Amino acid sequence: METIKLEGLDICCYKDKLKNGLEMVFVPYKDKKNYFISYATRFGSEITSFVPIESKKEIKVPDGIAHFLEHKMFEQENGVDPFTFFSESGTGANASTSYDNTQYICYGTKDFEKNLKFLLKFVNEPYFTDENVEKEKGIISEELKMYEDIPEIKLEMKLRENIYHIHPRRVDIGGTIEEINKIEKEDLYTCYKNFYSPNNMFILIVGNFDQEKAREIIEEEIGKKKSIPFPKIKKIKEQSTINKSYEKIESNVRVPKIGMGIKIPKKNLGNYDELTLDLYLSMISTVCFGSSSTFRERVRNKKLLNSFYTEWETTDDFKTLYMIAVSDNLDQFLEEVKKEFSQLTIEESSFERMKKVWIANEVKMIDYIDSTVHNIYDDYLHYHMVVPNKIERIRKLNIKEIQKIAKQIDFNNMAVVIQVPKEKEE
Amino acid sequence: MQYTRKDLGSYRLHCIRTKKFKTIMVRVVFHTPIKKEEITIRNVLCDIFMQSSKKYRSKRELTIKAQDLYAADFQTSNSRMGNYMNTNFYLTVLHDKYTEKGNFQAAVEFLKEIIFEPDIEKNAFDQKKLDIVKTNCKSALEAIKEDASNYSLIRMFEAYDKKSPVSYRMMGYIEDLEKITPQNLYQYYQNMITSNLVDIFVIGDIIEEEIIQIIKQNFVFKTLKKQRVPYLLPNRKPRPRRLFAKETSENVQSRLAIACCCYGLTDYERNYPLTLYNVILGGGNDSKLFREVREKYSLCYDIYSVPNKLDHLLLIRSGIDAKNYKQTVDLIEKVLNEMKKGKFTEENLKAAKEYYNTALEELEESESRIIDNYYMMELLGTDDLEEKRKKMNQVTKEEIIKVAKKIKMDTIFCLEGVKDGNN
């Protein structure tokens, strides 16, 4: 087992790999009562076309299948329901699907070994029948409808459609009701077989547990499982430009909202490793648009802003900045944003202050197991590594580099979606 | 963990010493009996504290000051607890051993400045800042229907009993917002800091004497307060016939919100058997409601129940298709009846106890929840963690059945989605 000391955080991480390629990351805490286990596959909603193993032809599975599969993994042939099993020891369990991964989690304070074993077992033993697949369609339909009624989700979806021409991120993680109704048990088995292979998965455990024992259990449960090569997936040839620059949608909102998406080809940003680039990009949006920015102060004083957030998305060839805001005066707000882009400067004092804030936050977060899980999970998923020196990396961020990167961003490559109330409403 | 409580005349200081965390958390709570017409102004007050202070004249300056204290986190919130309204000021800051000596003290001084030295001139708050806060509040109030789940709950409470604090909208009211001026906001502020009950909690790797010193230096209240209104709302009888209320919305999904009255429960029953009753009924994804309505009949994605102990209510919530409304309500009723008849197993009961035990253990891993726990002990006289664990483990099936018989469906509200899905 490889030991990785997380510098500046008084904590150690242990990393290991089974012969079949399954990767394991352990972060034991001595002074905590709780633990958190995540068992994940690098299979999410954005893979719907691929060439399955033992076949030469590309197939297209229905949209939303990764999420559907996640729901159905909880079905067990022997009738032991995972939720019931975990609840016997007061352990919580859940699962979630994203664009590029699916994870199964359990968290609690008791019966660690038993629960780990069971989590691995139920994710390793799919059991799909026509009946249980059919049953899930009603449940997932209600889930999709719930999201459809949330204006922010609708706005983000529309924005993705207008940023990307063909990229699968145009489609909602859960798919559509029409698409999920096409799903059959064979589709689920195909996806399971191709993407739940040990070499495409990893396990992350944080909290109160013994790492040697955990490794032993994982070896026992998964060691014999064979891996298959990762299926062929055609590279998506997404254009550099955005798909549609402006659209106004009417929706069930009372207060107007705006979504802006800036699509940046990675190749324009210079030669950085992914993590360094992400740190710089987040720093740009934080310094320029964060809570202590002059931009925020200006639009607040002009009463143009009610709420605001930014987030970054990474795909194979792009970094995309999303900015979502609520404002009573969207046109003027948009003008202010464009003005900010045109004169974008990163002041050294703000930049240095934010570095200090980020470092303090790293230290604060390590106190909480769920934040640690979240952090390490994201790093592992996106950078394929546990980052031992995050604090040092933040400290080393350089003002000249960030200014150089900021200059490379073409802010005109922006999609704007405006969400306004329906006219006919009272 | 070591807890001490000190009466400092005009407020109580609670110190919780633990080595578990790298941060120190301070919470200052102002509490007062709730009045509907004061909710909005109190929300505005909470927000305006975070806009500026006498020394830091803009939100940006305030934010930068907090960032300079090694990313100290300052927040305010307003919430209702039974008959009371609580205004909380939170400060979370890294322990000096991770920053520099004196950083904690500086952060507490900053908290003091936010509370006691706001941006006031000539007995009035700044008009411009107030306008900004009011615009934001108005926008949030206008958007109230956008969150269908929350809106269905608000409307259900209003149908349940318009006069009860249960139905007060904690987001506030547009009519009240319009009445707020820089002057009357100042008067309300004065009223809050002189007449409200105050509790201050400090948790972390602290030395009690030092904390008492620092807090005493910074928090001085002029008046001695005595208010004694019970926290618990009066226990209202369930109506003889259930009330069905409905409203349509431009949504695809319908949101169901049900209030069940818990009538005639003893303190013990409310704190112990009711908790386990709720876990078994609708507390998680192994509950009876989840099994029946979601897993067996595929009628919903989310369904759960939650007890509002201080209001004597048990709430059941779900998102469904409009056409399945009757079937869903019938199934919920069936499950409630099964609980009365004791149709749950000893395994269910055991699992519910384990669930509770885990929750107690997890509580000890969060500064904020540890404070919550001591706060409840202070206000409501609830048992401490050890006692809770012991009593909960001894609850019997019969006790839960007895509680089940005192729970009755009272108000059923449906926010009916009338839009066809695009999907």
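Modeller: A residue is buried if 20 or more other C-beta atoms lie within 10 Å of its own, exposed if 12 or fewer, and partly exposed in between, with C-beta atoms placed from the backbone. This is a predicted model: local features need pLDDT of at least 70, side-chain atom pairs count only at pLDDT 80 or more, and totals for chains, interfaces and linings use all residues. Residues are numbered from 1 along each chain as its sequence is written, while chains are lettered from A and ligands numbered from 1 in the order in which they are written.

Biologist: How many of the 11 residues of strand β3 (residues 23–33) of chain B are buried?

Modeller: Strands (E, at least two residues) and helices (H or I, at least four) are DSSP runs, numbered from the N terminus. Strand β3(B) is mostly covered. Its buried residues number nine.

Biologist: Which residue of β5(B) stands opposite Val29(B)?

Modeller: Two strands pair if DSSP finds at least two bridges between them. β3(B) and β5 (residues 84–94) of chain B run antiparallel, joined by 11 bridges. Opposite Val29(B) stands Asn88(B).

Biologist: And in β8(B), what is the bridge partner of Val28(B)?

Modeller: β3(B) also pairs with strand β8 (residues 197–204) of chain B. That pairing is antiparallel and has seven bridges. The partner of Val28(B) is Ile200(B).

Biologist: How many residues has the largest nonpolar core?

Modeller: A nonpolar core is a set of buried Ala, Val, Leu, Ile, Met, Phe, Trp, Tyr and Cys residues joined through C-beta atoms within 7 Å. Val26(B), Ala107(B) and Val202(B) are among those with the most contacts inside the largest one. Its residue count is 96.

Biologist: How many residues are in the other core, which includes Val61(A)?

Modeller: This core lies apart from the largest one. Leu120(A), Phe195(A) and Ile205(A) are also among its members. Its count is 59.

Biologist: Turn to the domains of chain B. Which element gives the most to the side of domain 1 that touches domain 2?

Modeller: An automatic or database assignment sets the bounds: domain 1 (2–218) and domain 2 (243–417). Their C-alpha centres are 30 Å apart, and the contact (C-beta atoms, placed from the backbone, within 7 Å) takes 23 residues from each of the two domains. β2 (12–17), β3, α5 (148–160) and β8 of chain B each supply at least two residues of the domain 1 side. With nine residues, the top contributor is α5(B).

Biologist: How many charged residues are on the side of chain A that touches chain B?

Modeller: Here 50 residues of chain A contact 51 of chain B. α4 (130–148) and α12 (348–365) of chain A are among the elements giving two or more residues, and α4(A) gives the most, with nine. Ala, Val, Leu, Ile, Met, Phe, Trp, Tyr, Cys and Pro count as nonpolar, Asp, Glu, Lys and Arg as charged, and the others, Gly among them, as polar. The side has 13 nonpolar and 15 polar residues, and its charged count is 22.
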